[in-house]
Amino acid sequence: LTAKHTLYPLVKMCINPDCNAWHINSLLKKEEQCHVVVFAHAQGTHSTWSIHLKCQACHTNYHNNYNVKDRTRLYYGGIPSYLQVAEHQFIQLKLTMSWMDLMQILVSATNCAHVYDIAQSHQSPNHDVPWQFGSLLTMEEVWDSFTLLALLDNHHQRKICLQVPHRG
């Protein structure tokens with residue numbers, strides 16, 4: 001199965017200042033990949049790979065949007081191009097921005113999901129190819145992208161990185 005593109009962590013070396021690997025600028029070598037679904041603005045829904053890199057010295061796990069150490073998720077600075085809204089679901093930033101605009105004119109998250117599914121998910125080149133996860137967008141994913149973007153934007157403006165528990 002071929003994916004449209006692959007999502008990688010923003011870093012190739014451990015950025016934990018308490019780590020021995022960080023002090024010697026050692027490359028992250030342990031790689032894990034998983035299937036994910038991307039909901040994109042113009043390209044519709046498509047399958048993709050997400051790559052995780054793990055530091056073998058301090059056991060920090062690096063993802064596309066954040067890193068995880070000791071059950072704490074620390075987002076990288078700035079706003080990512082793809083927001084991870086669930087374990088295997090990403091939403092393109094441009095799409096989330098369009099939903100924020102629609103919600104300002106009283107379009108519900110449920111209707112944002114329905115409009116997306118009707119108008120764009122049929123454009124997916126892999127639509128008929130079996131993939132591990134469904135290609136229908138949920139209201140929860142719309143709300144999660146909205147909330148995550150608001151939190152990331154707030155922290156970006158204050159020049160700090162968002163930090164949350166990794167599970168829940």
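**Helix α2 against helix α3**

I started with helix α2 (residues 93-104) and helix α3 (residues 109-119), which pack at about 130 degrees with axes 10 Å apart. My axes are lines fitted to C-alpha atoms, for helices over the stretch in contact, and angles run from 0 to 180 degrees between N-to-C directions. Helices (H or I, at least four residues) and strands (E, at least two) are DSSP runs, numbered from the N terminus. I note that this is a predicted model, where local features need pLDDT of at least 70, side-chain atom pairs count only at pLDDT 80 or more, and totals for chains, interfaces and linings use all residues. Residues are numbered from 1 along each chain as its sequence is written, and side-chain values use heavy atoms, with hydrogens and water left out.

I put α2 and α3 down as oblique to each other, since angles under 35 degrees count as roughly parallel, over 145 as roughly antiparallel, 65 to 115 as roughly perpendicular and the rest as oblique. On the α2 side I found Leu95, Trp99, Leu102 and Met103 in the contact, and on the α3 side Ala109, Cys112 and Tyr116; contact means heavy atoms within 4.5 Å. By class I got 7 nonpolar, no polar and no charged residues there. For classes, Ala, Val, Leu, Ile, Met, Phe, Trp, Tyr, Cys and Pro count as nonpolar, Asp, Glu, Lys and Arg as charged, and the others, Gly among them, as polar.

**Helix α3 against helix α4**

Next I checked α3 with α4: the axes come within 8 Å and cross at roughly 110 degrees. That makes α3 roughly perpendicular to α4. Ala109, Thr110, Cys112 and Ala113 of α3 meet Met139, Val142 and Trp143 of α4. The class count here is 6 nonpolar, 1 polar and no charged residues.

**Pocket linings**

Then I looked at what lines the largest pocket. Each of β2 (30-40), β5 (66-69), β6 (72-75), β7 (82-86), α4 (139-157) and β9 (163-165) supplies at least two lining residues. I see α4 giving the most, with 4 residues. The lining splits into 11 nonpolar, 8 polar and 5 charged residues.

For the second largest pocket, β5 and β6 each supply at least two lining residues. Here β6 gives the most, with 3 residues. I logged 7 nonpolar, 5 polar and 1 charged residues for this lining.
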